[in-house]
Amino acid sequence: MESSSETSFELVDDDESFQAPLHPSHSPDYAPGSGSTYAHDWSPSGTGGKLRIHGGHFVDAFGRVCNLRGVNVAGSSKTPTNHKHETFPHDHHAVTFVGRPFPLEDAPQHFARLRRWGLSLIRFVITWEAVEHAGPGIYDTEYLAYVRNILSLLPQYGLVAFIDIHQDVWSRYSGGSGAPAWTLESIGFDLHALEESGAAWLLGVKGGGHVEAERGIWPCGYQKLAAATMATCFWAGDTFAPKLRIPMSDGQTKPVQQFLQDAFLDMYAVVVRALSDIEGVLGFEIMNEPHRGYIDLPSLYQFDYNTDLHLSYVPSAFQSFMLGSGYPTLVSNWTRSFPMPTRKTSHSVLNAASRRVWRVDGPTEGSCIWELHGVWGWDKVRNEGVVLRESYFVKDPKTGRKVNWYTDFYYPFLKRWAERVRDVAPKDKMLFVEPIPNEFCPSSWTKENQVPNMVFAPHWYDLSTLFSKKFGDFTVDVQGLSRGIFPLQAFYWGQLGVRENYSRQIRNIVDSAHKALGEVPVLIGECGIPMDVNGKEAFETENWKWQYRMMDALMVALERSFANFALWNYNPDNNDVEGDDWNGENFSWFSSRRALPSSLLDLHQTSFTLDNGGRILPAIVRPYPAKTAGIPLQFSYEMNTGQFTFEWKPSDTITGEQEGLTKTTPVARETEIFVPSLLTHGRKLKVEGLEPEDACSFDQSRQTLFIVHGTSSPGKVRKVIVSVWPPLRPTFQLNAFWGDFGELIVSGLVVFIGIFIVIKLGFFM
């Protein structure tokens, strides 16, 4: 597939302060690979300075287009090191995240492992709770010092990272991760009543989520009272909860939106001050998977089945209000089904004990926030709840104007956040942002709503497989179905089919981003596969056939779109029984329990000792053009043969305006392709398609194929085909519908036609 931004990317630089260094490949006697760097080295020595944004690409100081691929580190960072399932949520002020994602002394082996695998970008997971769990304005400096020490090691291994302030379902205390407990307490929630009242589902953060009855329930927490109320107050408290004011230590009160946003931004500024001067830190991401809460909710009586997961007990917003106020309420129960994902199968009364979630010593004095604002009320005569303002969250209650979460609340906050970050961080730090999960980039995200140095970082998962935890030859394009495509167009068969399925979905995400944003880099901030599909049979048999196929399809899709990405996730604490030990998830394809002890490890990037503990590595550790001296046009890799094809258009100069004058600066002529020793060990590398004036060199010790294009025709498109000998043994069959069923279908047609002819002849005789 051709790069979507090829026509507009002309290596024109608009950074007036940038001075490109001269790459040694411009010397006529330069031999490919003469330097000491390697393709996947993003340190200053490997990039000639720093990575930066140029149009829709990341580029190094030599003007080469850089393809960043890496991992999220780590899922374990959602929970503190002293978390205890049996006592949660007690002692929430005294938690510590020091040691997440791994002890400092273990960092070299993990970074060396990622370097070996060519996964040299890290989306580093930090939570608000990790920084400010003890109370408002009380920051864990020990934790920040630990993180600083970890990240300071990055350049030694050629790695870079951006900081992700992570959240799911607002907080651990509402069933996910992210915000500290005191944020919920500040608006009046009783932490110990959240679960019993139905305001949150907490079993998944207390070690549950692994058995069938609990699997995959946690995303429903976004619709429950605690998380939905917190998100609504955070984004739009001034609009929808103006009566809620939070007592401050000086005796004054603050509007809830101002209180929560100020606290978040103050915390964020502390993190930026602590980490932004570290050489390997590229930038900061505002928030993982933001959610609108109740904003834009058209009805208090039901959530949208097409956009909001319905599984287990799913109270409507109105039912949640009543449950939280201590009224036992009849709620529908949803179970998995086919062809629709779930169906309503029963009803049960929840909160039979009449437990109230609102504290009498809180700012609402024991009343529901939404009852205080006249959204609903309790009819004492009829002894039932009544909805008073069904469309309350659709329009501004004061003006009646229809609201939009993005334009009215998200974009304005993005600008506040960007200003706070840039006040304390170097201006070259990148700012990573993302939309609501599973949504395309909105068309309203135009230039005036973008932040400086912006990277668009959406997420993608195969929702069908995530939901069913089953993967086989038959796959479904849930993204397309949810947007109304004809059902038969959403069904795919075989490995070739799933590759096309995933490619179509990721291409839609990338294309919609470029259409709305213009020339802004796209980096898929999360994508991955559940390792525990098909009843966890691979953990017993060690046959990872379906995981190989699923990961290969994902990687092919990313490669076809030239998407930068960070896989979810590299979690050393993962194990076969508990997985990632958070809401039943099991995404990590690495586990320290399967790895060699540190005393037996060799940290050189060609050492096979680092591979122990990894699973399905041939599907993950793949060749890719890390630094392209020109415009990348097409890349494809077949993991069953080890052959890849790369096509690019070389460019020798970068042009920009400086002080009103056009200035042309030389760009490196050397392209660097990561070729893993996992692929080439014991094999010869064959490179075909180079022009006579081009030169190349492969250094297995640096896992890099160096190609220097000639100077006589720098703009001529290059296409190389690279293979290994002897070829690889295929991991799986590249099957498709017609290959599997074509003969059967043709035979059936022949029989049918034969019978038809016999009948017709018999009729005329």
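The largest nonpolar core in this predicted model has 208 residues. A nonpolar core here is a set of buried Ala, Val, Leu, Ile, Met, Phe, Trp, Tyr and Cys residues joined through side-chain atoms within 4.5 Å. Buried means under 20% relative accessible area, exposed means over 50%, and partly exposed is in between, with a 1.4 Å probe and protein chains only. Leu 151, Phe 321, Trp 370, Trp 417 and Trp 589 have the most contacts inside this core, and helix α7 gives the most to it, with 13 residues. In soluble globular proteins, nonpolar side chains tend to be buried together.

Before going on, a word on the ground rules. Residues are numbered from 1 along each chain as its sequence is written, and side-chain values use heavy atoms, leaving out hydrogens and water. Since the model is predicted, local features need pLDDT of at least 70 and side-chain atom pairs count only at pLDDT 80 or more, while totals for chains, interfaces and linings use all residues.

Now pick out Trp 417. Leaving aside residues up to four places away in sequence, Trp 417 touches Leu 265, Tyr 268, Phe 284, Glu 285, Ile 286, Leu 431, Phe 432 and Val 433; contact means heavy atoms within 4.5 Å.

Leu 151 takes us to helix α4, residues 141-151. Helices (H or I, at least four residues) and strands (E, at least two) are DSSP runs, numbered from the N terminus. The buried residues of α4 are Tyr 143, Leu 144, Tyr 146, Val 147, Ile 150 and Leu 151. They cover an arc of only 160° around the axis, which puts them on the same side of α4; that arc is taken from the directions from the helix axis to the C-beta atoms. An α-helix has 3.6 residues a turn, so residues three or four places apart point the same way. What do these buried residues pack against? Their partners are α2 (107-116), β6 (121-127), α3 (128-132), β7 (160-166), α7 (256-275) and β10 (281-285). Thr 141 and Glu 142 are exposed, on the face turned away from the buried side of α4.

Next, the aromatic rings. Rings of Phe, Tyr and Trp (its six-membered ring) pair if their centres lie within 6.5 Å; planes under 30 degrees apart count as stacked, over 60 as edge-to-face and the rest as tilted. That rule gives 61 aromatic pairs. In one of them, Phe 234 and Phe 413 have ring centres 5.3 Å apart and planes at 70°, so the pair is edge-to-face. Phe 234 sits in helix α6 (residues 225-240) and Phe 413 in helix α10 (residues 405-424), so this pair links distant parts of the chain, 179 residues apart. Phe 234 counts as buried, at 1% relative accessibility, and Phe 413 is buried with a relative accessible area of 1%.

Rings can have charges over them too: NZ of Lys or CZ of Arg must be within 6 Å of the ring centre and within 35 degrees of the ring normal. Lys 78 lies over the face of Trp 582, 3.4 Å from the ring centre, and the charged end of Arg 483 sits 4.0 Å from the centre of the ring of Phe 440.

Finally, look at the backbone. The peptide bond from Val 73 to Ala 74 is cis, with omega near -5°, and a cis bond joins Phe 88 and Pro 89, with omega about 10°. Ala 74 is in the loop between β5 (69-73) and α2, and Pro 89 lies in the loop between β5 and α2.
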